[in-house]
Amino acid sequence: MQIDQLFEFVYVLIDKKQVTAKEMAARFGVSTRTIYRWVDALSVSGVPVYSQKGRNGGIAISEQYALDTKVLSEEERLAIVSSVKALNSLSGNPASVINANIKAVEKISGLTPQNTDWLEVDFAPWSPEGSNVRQMFGMLREAILQKKQVIFDYHSGDGRIERRTVHPWKLIYKGQAWYLQGWCTSRKAERFFKLTRMQNFNMTGRDANVTKSETTTFSKNEVQLKEQELPVVQIKAKIRPSKIAYLFDTFICSQIKQNKDNSITATFSAPDTDWLIGMLMGFEADIKILSPKNIAQKVQKKAAEILKLYK
């Protein structure tokens, strides 16, 4: 018997209180004799499953056991279903593994009366390169689980391209992007690497033996995922109505005001970095920074540099 069948078998008993061997045999596609063997196996393992003979008999589980040791609540089962669906979108796994995940979702879904088809998650981009993201995600997942070092070319924020060898620890989704967290052998420190900046990725086959618990070093030169460590500035901007939806796609606006000229004044917070200036430039002439003054000056300076480039 597969462990997932045992898992489902016990859950059915907990939810339904009592079932017949014939019903269980039909559910699992086995004989009633096999069902009774499963009952014996569970009993030997310490699970208080028993069978009752007679007209109203059947297979049941101790009510006290069901009340005291119910493994997952309704909310927890729904959370598992949602999580498996989300991970399948970037699994990078063979079809057999994905199918196994789907079967697990179906089994747990069958044990809950609530709708489990309310969520679909796909972290991959709309572009054709989405399959490359899935492949990268899958390879990194295997490297982390197998505890193997990885090697890749990395394009850093200052324009350098370096070959990096990393002891991978964790995959993190933050701010609309995936990052690899791990120990960089060339920097001899903890680093975060943005997946979209990684190329020519491979597993080295060497063991990843530097664990996160062995070091507390944190680099302040690489991408930092802790928002409190980034300088944050509050921006007030005047924007055309046709572009306000795009502003919402990137920033959380704390105040929105409709002006008499049909424009909109929006207030939002953002990290005071080069990334911010690039994002604001993307709105072209549809946005005007009202405050703070230094952000407006940075946008003006960047616009002047672009104009000079094309003169």
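Student: In this predicted model, is Cys 253 buried or exposed, and what is its relative accessible area?
Tutor: A residue counts as buried under 20% relative accessible area, and Cys 253 falls in that class. Another cysteine, Cys 184, is also classed as buried, with a relative accessibility of 0%. For Cys 253, the answer is buried, with a relative accessible area of 18%.

Student: How many disulfides does the model hold?
Tutor: The criterion asks for a pair of cysteine sulfur atoms within 2.5 Å. Applied to this model, that rule gives a count of zero disulfides.

Student: Which strands stand at the edges of the open sheet of five strands?
Tutor: The strand order in this sheet is 7-6-5-4-8, and the pairing is antiparallel. Neighbouring strands here are turned against each other by 45° on average, with direction ignored.

Student: Which residue of strand 5 stands opposite Asp 153?
Tutor: Strand 4, covering residues 148-155, runs antiparallel to strand 5, covering residues 161-174, and six bridges join the two. Within strand 5, the residue that stands opposite Asp 153 is Arg 163.

Student: Which residues are linked with Glu 162 in a network of salt bridges?
Tutor: Glu 162, which is partly exposed at 23% relative accessibility, meets the side chain of Arg 164 in a salt bridge with an N to O distance of 3.1 Å, and Arg 164 itself is buried at 1%. Glu 162 also forms a salt bridge with Arg 187, where the closest N and O atoms are 2.6 Å apart. The residues linked with Glu 162 in this network are therefore Arg 164 and Arg 187.

Student: How many residues apart in sequence are the parts that Glu 162 and Arg 187 tie together?
Tutor: Arg 187 is partly exposed, with a relative accessible area of 27%. Glu 162 belongs to strand 5, whereas Arg 187 lies in the loop between strand 6 (177-184) and strand 7, so the parts tied together by this pair are apart in sequence by 25 residues.

Student: What separates the closest N and O atoms in the salt bridge between Glu 142 and Arg 141?
Tutor: The structure holds 10 salt bridges, and this pair forms one of them. Both partners are partly exposed, Glu 142 with a relative accessible area of 25% and Arg 141 with 30%. The distance between their closest N and O atoms is 2.5 Å.

Terms used: Residues numbered from 1 in each chain as written. Predicted model: local features only at pLDDT ≥ 70, side-chain atom pairs only at ≥ 80, totals over all residues. Heavy atoms only, no water. Buried < 20%, exposed > 50% of the residue type's maximum accessible area, 1.4 Å probe, protein only. Pairing = 2+ DSSP bridges. Helix = DSSP H or I, 4+ residues; strand = E, 2+ residues; numbered from the N terminus. Axes fitted to C-alpha atoms, helices over the stretch in contact; angles between N-to-C directions. Salt bridge = Lys/Arg side-chain N within 4 Å of Asp/Glu carboxyl O.
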